[in-house]
Amino acid sequence: MFGPQWADMVSLAVAGDFSEDRMADSLEAVDAGWWAGFAWPAAIDAASSVAVESGRRNQFLAAFNVACRLGHGVSRIAAADASRGLVVRDLIGVHGFDLSHYDRLTGPWRRHIGAVHRDDRQPTPYPSK
């Protein structure tokens, strides 16, 4: 249902099963720059495009739908973005989806909640303005 990253997606869902917004005080919550600007929509578009081009549209949508029910507040948005990156993680470098897109989508979750994929490197600090 979630493609090759199914085990990591299940782990993300388990990690996201909490009753409070664990990111309410994070820089991502305070700084609307996480959602604004060119980088975030470009990352969403790249992940969506590679999912469609690679025949994983259904897995992409299934992961997103599950993640949209995880956590609360900013944590829920971070889970949804992390799921989008995770489901196409093995396609980094294909159809225009690159590591910067993956990091943009998964970085907030990785910085504040935990790992998205067992092979992820430590995320870079949140970029300051």
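His95 is partly exposed in this predicted model, because its relative accessible area of 46% falls between the cut-offs of 20% for buried and 50% for exposed. You will find His95 in the loop between H5 and H6. Its backbone is worth a look too: phi of His95 is near 50°, a positive value in a residue other than glycine. For background, most residues other than glycine have a negative phi.

**The overall fold**

Let us step back to the whole chain. The secondary structure comes to six helices and zero strands, and the pattern along the sequence reads α-α-α-α-α-α. Of the 129 residues of the chain, 45% count as buried. Among contacts with a separation of 6 or more, residues 24 or more positions apart account for 68%.

Ser11 and Ala115 are 104 residues apart in sequence, while their C-alpha atoms are 9.0 Å apart in space. Is Ser11 buried, partly exposed or exposed? Its relative accessible area is 45%, so Ser11 counts as partly exposed.

**Helix H5**

Helix H5 covers residues 73–87. With 15 residues at 1.5 Å a residue, H5 should span 21 Å, and its end C-alpha atoms are 22 Å apart, which agrees. The expected figure uses one less than the number of residues.

H5 is mostly covered, with twelve of its 15 residues buried. The buried set begins with Val74 and Ser75, picks up again at Ala78, Ala79 and Ala80, and carries on through Asp81, Ala82, Ser83, Arg84, Gly85, Leu86 and Val87.

**The nonpolar core**

Which residues have the most contacts inside the largest nonpolar core? They are Ala47, Phe60, Val88, Phe97, Leu105, Trp109 and Val116, and the core as a whole has 27 residues. Helix H3 (39–53), helix H4 (57–67), H5 and helix H6 (99–112) are the elements that give two or more residues to this core. H3 gives the most, with seven residues.

Ala47 shows how these parts meet. Leaving aside residues up to four places away in sequence, Ala47 touches Phe60, Arg84, Val88, Phe97 and Leu105.

| Helix pair | Axes come within | Crossing angle |
|---|---|---|
| H5 and H6 | 7 Å | roughly 140° |
| H3 and H6 | 9 Å | roughly 110° |

Take the H5 and H6 pair, whose axes cross at roughly 140°. That angle makes H5 oblique to H6. The crossing of H5 and H6 is left-handed. On the H5 side, the contact is made by Ser75, Ala78, Ala79, Asp81, Ala82, Arg84, Gly85 and Leu86, and on the H6 side by Tyr102, Leu105, Thr106, Pro108 and Trp109.

Now for H3 and H6, whose axes cross at roughly 110°. The two helices are therefore roughly perpendicular to each other. H3 makes this contact through Ala39, Trp40, Ala42, Ala43, Ile44, Ala46 and Ala47, and H6 through His101, Arg104 and Leu105.

Leu105 takes part in the contact of H6 with H5, takes part in the contact of H6 with H3, and is touched by Ala47.

Terms used:
Residues numbered from 1 in each chain as written. Predicted model: local features only at pLDDT ≥ 70, side-chain atom pairs only at ≥ 80, totals over all residues. Heavy atoms only, no water. Helix = DSSP H or I, 4+ residues; strand = E, 2+ residues; numbered from the N terminus. Buried < 20%, exposed > 50% of the residue type's maximum accessible area, 1.4 Å probe, protein only. Core = buried A, V, L, I, M, F, W, Y, C linked by side-chain atoms within 4.5 Å. Contact = heavy atoms within 4.5 Å. Axes fitted to C-alpha atoms, helices over the stretch in contact; angles between N-to-C directions. Parallel < 35°, antiparallel > 145°, perpendicular 65-115°, else oblique. Left-handed = near helix turned anticlockwise from the far one by under 90°.
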